[in-house]
Amino acid sequence: MQIARILQSQGFGSRRECRSLVRAGRVTVNGNAVDDPFLEFPLDGLVFTVDDEDWEYREKACLMLYKPPAHECTHKPHFYPSIYTLLPPELTARGVQSVGRLDQDTTGLLLLSDNGQFIHTWSSGKKRIPKRYRVTLKHPHTPEFIRQLLEGVLLHDEAEPVRAADCTPIDALTLWLTITEGKYHQVKRMVGAAGNRVEGLHRDCIGGLQLPAVLEPGDWCWLSPAHLAALEDYPQTA
Ligand code: URA
């Protein structure tokens, strides 16, 4: 594929802007300076730099972000900065979207992609993908509270009760809660319906993928083949 088209596919601007980038001598491919925007390169394993920044050609972008607090998962936020300000503009330019949303005050693991199929798969409730949250409560949990979450609580506007797939106390005010749906404000509503209140919410796992300890709030990284395999590796529930 021509280098200008490659750059365009990776979010570096219009075809015209990408041609100009190349002509201006700002691009190298596989270690060599390139000034002809029409030069063709095989895509497999292609690495390039733009203004000395390294990039690898990716047909589709799949990544994870450690969502920090006080960020909104939307392109047009109302009160807080958008999570998309935490990503290189090339990724938003190529249409990367979050897989579902976390509330502005929720922190933790968020997947993003420009692959519609990937987004659909990992946001669908049908696959019953476990999502694990560390929940900080306003009031100490009780056996009755945990029983309700595990047996099911009826949420406003829902026909059927929703159950936690797992609920494991950490200490008097915190617990791990695993849910397999992705309903609006689901954890907060479940906790509220069981008579308590969420004071802090952090997602640390989706499927079998855990938020890597090396990521700090606001950091992102590409999903490696090992991350993708871990994502798929979760126990199926009925
Ligand atoms: N459940 C919630 O209530 N909020 C989130 O951000 C995620 C799950």
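A polar contact here is a pair of N or O atoms within 3.5 Å; within protein, one must be able to donate a hydrogen and the other to accept it, and residues adjacent in sequence count only if both atoms are side-chain atoms. By that rule, a backbone N or O atom of V187 lies 3.1 Å from a nitrogen atom of the ligand. The model is predicted: local features need pLDDT of at least 70, side-chain atom pairs count only at pLDDT 80 or more, and totals for chains, interfaces and linings use all residues. Residues are numbered from 1 along each chain as its sequence is written, and side-chain values use heavy atoms, with hydrogens and water left out.

**Shell around the ligand**
- L102, D103, T106, Y133, H185, Q186, V187, K188 and L201 surround the ligand (a heavy atom within 4 Å counts as near).
- Four of the shell residues are nonpolar, three are polar and two are charged.
- Helix α6 (residues 186-193) gives the largest share of the shell, three residues.
- Domain 2 (62-125 + 208-232) and domain 3 (130-206) each supply at least three shell residues.

**Other backbone contacts**
- A backbone N or O atom of H185 is 3.2 Å from an oxygen atom of the ligand.
- A polar backbone atom of K188 lies 3.0 Å from an oxygen atom of the ligand.

**Cover**
- Of the 230 Å² of accessible area that the ligand has on its own, the protein covers 96% (Shrake-Rupley method, 1.4 Å probe).

Notes
Helix = DSSP H or I, 4+ residues; strand = E, 2+ residues; numbered from the N terminus. Nonpolar A, V, L, I, M, F, W, Y, C, P; charged D, E, K, R; others polar. Domains from an automatic or database assignment.
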